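Open the model in a viewer with the sequence panel alongside. The stops below say what to select next and what is there.

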Amino acid sequence: AQIYIIVSPDIPSKNPQPHYLQPEDARQVAAWVKLGGVLVLMANDPANGEIEHLDQLADVFGIHFNPVLSHHVIGKAHDTGRILVAGGGPLFHYPHTLFMKDTCTISIKGPAASLLEDRGDILMASAKYGKGTVFAVADPWVYNEYTNGQNLPPEYDNLAGAVELVNWLVKQVL
């Protein structure tokens with residue numbers, strides 16, 4: 001595998017027997033990244049995804065998921081989940097209006113760098129680690145219901161943002 005994706009690890013309310021990431025798992029994945037792997041970490045808000053054990057891995061790369069609720073959306077009040085992307089950056093070359101609902105936030109240190117911030121919160125970050133790359137996001141925002149054009153107002157373009165993300169990830173492999 002060249003790209004490994006971990007998405008919103010289970011919590012007991014979603015899975016009565018979640019299999020938490022363990023220190024040995026973190027060691028093995030970090031070793032794989034160091035050799036050139038591309039790791040994608042998609043967290044979630046604490047009520048919907050396990051963050052504490054995921055941070056055992058993320059912290060290795062200078063990325064930390066904060067167990068807070070940000071960008072809380074109630075019902076169809078999409079504005080609180082609106083993320084304006086200016087474009088012209090290392091990840092997003094073009095402007096986008098993304099939708100992220102009920103996110104956590106990210107803190108960074110060491111080799112990690114912010115890729116997307118909104119309202120003072122880091123929502124996307126990356127880190128080089130050995131020959132590899134880590135991408136982290138505070139919400140698995142590429143859900144089919146947010147990319148299919150049927151469940152969001154037309155100004156949101158999560159699909160176009162996801163295409164840019166995939167292109168960026170593939171370039172990290174090459």
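**Stop 1: A136**

Select A136, which sits in strand 9 (residues 132-137). Helices (H or I, at least four residues) and strands (E, at least two) are DSSP runs, numbered from the N terminus. The model is a predicted one, in which local features need pLDDT of at least 70 and side-chain atom pairs count only at pLDDT 80 or more, while totals for chains, interfaces and linings use all residues. Residues are numbered from 1 along each chain as its sequence is written, and side-chain values use heavy atoms, with hydrogens and water left out.

A136 has 0% relative accessibility and counts as buried. Here buried means under 20% relative accessible area, exposed over 50%, and partly exposed in between (1.4 Å probe, protein chains only). Show the neighbours of A136: leaving aside residues up to four places away in sequence, A136 touches L41, I63, F65, I106, L123, M124 and A125. Contact means heavy atoms within 4.5 Å. For a distance across the model, pick the C-alpha atoms of A136 and D157: they are separated by 20 Å, and the two residues are 21 apart along the chain.

**Stop 2: N44**

N44 is buried, at 6% relative accessible area. Which side chains are joined to that of N44 by polar contacts of 3.2 Å and 3.3 Å? The contact of 3.2 Å is with S8, and the one of 3.3 Å is with Y143. A polar contact is a pair of N or O atoms within 3.5 Å; within protein, one must be able to donate a hydrogen and the other to accept it, and residues adjacent in sequence count only if both atoms are side-chain atoms. With residues up to four places away in sequence not counted, N44 touches S8, G49, I51, D102, C104, A138, D139, P140 and Y143.

**Stop 3**

D102 counts as buried at 12% relative accessibility. Check its backbone: phi of D102 is near 55°, a positive value in a residue other than glycine.

Now select S70, in strand 3 (residues 63-70). S70 is buried, with a relative accessible area of 9%. Its side chain and that of D121 are joined by a polar contact of 2.8 Å. Beyond four places in sequence, S70 touches D102, T103, C104, T105 and D121.

Step on to H71, found in the loop between strand 3 and strand 4 (82-85). H71 is buried, at 5% relative accessible area. Phi of H71 is near 55°, again a positive value in a residue other than glycine.

**Stop 4: the aromatic cluster**

The whole structure holds seven aromatic pairs. Rings of Phe, Tyr and Trp (its six-membered ring) pair if their centres lie within 6.5 Å; planes under 30 degrees apart count as stacked, over 60 as edge-to-face and the rest as tilted. Select F99 and Y156: their ring centres are 5.6 Å apart and their planes are at 80°, so this pair is edge-to-face. F99 lies in strand 5 (residues 96-99) and Y156 in the loop between helix 3 (144-147) and helix 4 (158-173), so the pair ties together parts that are 57 residues apart in sequence. Both F99 and Y156 are buried.

With F99, Y143, Y146 and Y156 all selected, one aromatic cluster is on display.

**Stop 5: G149**

Select G149, in the loop between helix 3 and helix 4. G149 is exposed, with a relative accessible area of 68%. The C-alpha atoms of G149 and L159 are separated by 8.3 Å, and these residues are ten apart along the chain.
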